[in-house]
Amino acid sequence: MTVDGLTPWPADLEARYQAEGYWTDRLLGGVLRGDPSDLALVAGGDRLTYADLDARASRTAAGLLALGLRRGDRAVVQLPNTTGFVVAFLALVRIGAAPVLALPAHRESEIRYLCELSEARAYICADRDGDFDYRELARTLPVEHVIVEGEAEEFTPLASVEADPVAAPRPDPSDVGVFLLSGGTTGLPKLIPRTQRDYVYNLEASAGLCGFDRDTVYLVVLPAAHNFALACPGILGVFATGGTVVLAPSGSPDEAFPLIERERATVCAVVPPIALLWLDAVTWSDEDISSLGLLQVGGAKLAAERAAEIPDALGCQVQQVFGMAEGLLNYTRLDDPRDLVERTQGRPLSPADEIRVVDEDGKQVAPGDVGELLTRGPYTLRGYYRAPEHNARSFTPDGFYRTGDLVRRLPSGHLIVEGREKDQINRGGDKISAEELENHLLAHPAVHDAAVVGVPDAVMGERTCAFLIIRKGEKTPGLREVKDFLRVRGVAAYKHPDRLETAAAFPRTPVGKISKKALAARLP
Ligand code: OOB
């Protein structure tokens, strides 16, 4: 059953998740549980206590209500790791208007689509990011309100969205709390509705598993809008347990190491390419990063050899995290034997997570064999937002989400990610839908057909290679020209191909689909 594009959990599972305590009445807006005088957030020059942040969030919530935003509305949020992100997020979830969390790297093609699909009433963005001006993008969007952190020009400055707190309707725990973006396997990205109660469970259970408490100082180097940094346990998991969040602009050792030293950061979440950079940087850097006790690594597969190096080289524990915006999180446990921490991508967070590993016919494989991971549970979506056709393919009739990941399950329940079935490239944790990029490439006048594949890469895990069949009589475009073409179309730069190859024809599978395996095999 689908209501307004949302697929609720069936009543029997809802009753079970409530009875067993996975779902409670706690709301995302109530996540600031630290001591009022304790430090909650360090960002740029800002140092906010829990009392400061709570006051900012409720004044901004009242300001949003005064603008006319209401429970059930949506706002596309595209902010880097700033105080504004945290305040805007908390304010929106408090009034029950769901943030649609775009990444700072997204451009017009992605943002326009998100605004249209979500029928967002507001777009909340930064002024600029280097050369890129979000206000110029905002001028083209179909939204009522544009709210800008920084120099707002003709738009509403975020700092001016504030008023004396007023009583407002309380969101229901079953309401959508936040929309996350799927990595995407189709032509267009999908929206993942995360309910207030499922996301609260996600962040609280994760914080418990990772041993977060008021002494935790969590350094954010990934985009705050990404599920990993936001709620696994992330920013929200820190707030729920009374620790301190420190926002860094990026994972570059030049920026991250001085912050670890200055703020005595104890935990950080990174993607494998950042872990590799740090392993290298620590050999020459002068900063004291000895406060770091835990490095969470996820988003893409971390090689066992690298995982093994981290404790000695960086002086901290490593935790592998295999998660997805759709829900399911797997963590290695802090007391797991070394072998499991190095070789596996962890086991499910929740006792209520249901796992199936199946073959192409949907039958469970023998224990220890590789198959596709299917999952269902108290914080895994039951359907993408307004995507009935895609949902019919992405879920089994009994509501298991088909992850597209190929895994092997050990007797301990730990999963090893062995590959991927979905047509997606994982470029150092950034996900690229092959079909989405192919559709953009097909719009190029010289391109007759396009097929995008991942190429193994020592640092990024994979890079993106686009195979093009060029139209008769047309000149083959160079990589630079193709990137410019995609930039003008408003496609985020991380989705641009790293490499171009031409082909006279594409190899086909027996059923006539392009064989990406055979294409990739053509590369030296
Ligand atoms: C995280 O979330 P997404 O939505 O950006 O990407 C999910 C996909 C997974 O389906 C899998 O294909 C891949 O990313 N992945 C991994 C992995 N962690 C994610 N593949 C191998 N090893 C891993 N450790 O990437 C995400 C969300 C929450 C926490 C951590 C990561």
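**View 1. Residues around the ligand in a predicted model.** The ligand is surrounded by 20 residues, counted as near when one of their heavy atoms lies within 4 Å of it. The closest are Val 321, Ala 325, Asp 405, Lys 422 and Lys 431. This is a predicted model, where local features need pLDDT of at least 70, side-chain atom pairs count only at pLDDT 80 or more, and totals for chains, interfaces and linings use all residues. Residues are numbered from 1 along each chain as its sequence is written, and side-chain values use heavy atoms, with hydrogens and water left out.

View 2. A polar contact is a pair of N or O atoms within 3.5 Å. Val 321 uses its backbone: an N or O atom there lies 2.8 Å from a ligand nitrogen atom. Lys 431 places a polar side-chain atom 3.0 Å from a ligand oxygen atom. For His 226, a polar side-chain atom lies 3.1 Å from an oxygen atom of the ligand.

**View 3. Two backbone features in loops.** Most peptide bonds are trans, and most residues other than glycine have a negative phi. Cys 232 and Pro 233 are joined by a cis peptide bond, with omega about -20°. Pro 233 sits in the loop between α7 (227-231) and α8 (234-241). Arg 264 is not a glycine, yet its phi is positive, about 55°. Arg 264 lies in the loop between α9 (253-263) and β14 (267-270). Helices (H or I, at least four residues) and strands (E, at least two) are DSSP runs, numbered from the N terminus.

**View 4. Packing of α9 on α10.** The axes of α9 and helix α10 (residues 272-281) are 11 Å apart, at an angle of about 70°. Axes are lines fitted to C-alpha atoms, for helices over the stretch in contact, and angles run from 0 to 180 degrees between N-to-C directions. α9 is therefore roughly perpendicular to α10, a term for angles of 65 to 115 degrees. Pro 253, Ala 256, Phe 257 and Ile 260 of α9 meet Leu 277, Trp 278 and Ala 281 of α10; contact means heavy atoms within 4.5 Å. By class, this contact has 7 nonpolar, no polar and no charged residues. Ala, Val, Leu, Ile, Met, Phe, Trp, Tyr, Cys and Pro count as nonpolar, Asp, Glu, Lys and Arg as charged, and the others, Gly among them, as polar.

**View 5. Crossing of α14 and α15.** Helix α14 (residues 434-442) and helix α15 (residues 479-488) have axes that come within 10 Å and cross at roughly 100°. The two helices are therefore roughly perpendicular to each other. Leu 437, His 440 and Leu 441 of α14 contact Val 482, Phe 485 and Leu 486 of α15. The contact of α14 with α15 has 5 nonpolar residues, 1 polar and no charged.

Notes. Parallel < 35°, antiparallel > 145°, perpendicular 65-115°, else oblique. Polar contact = N/O pair within 3.5 Å; in protein donor to acceptor, adjacent residues only side chain to side chain.
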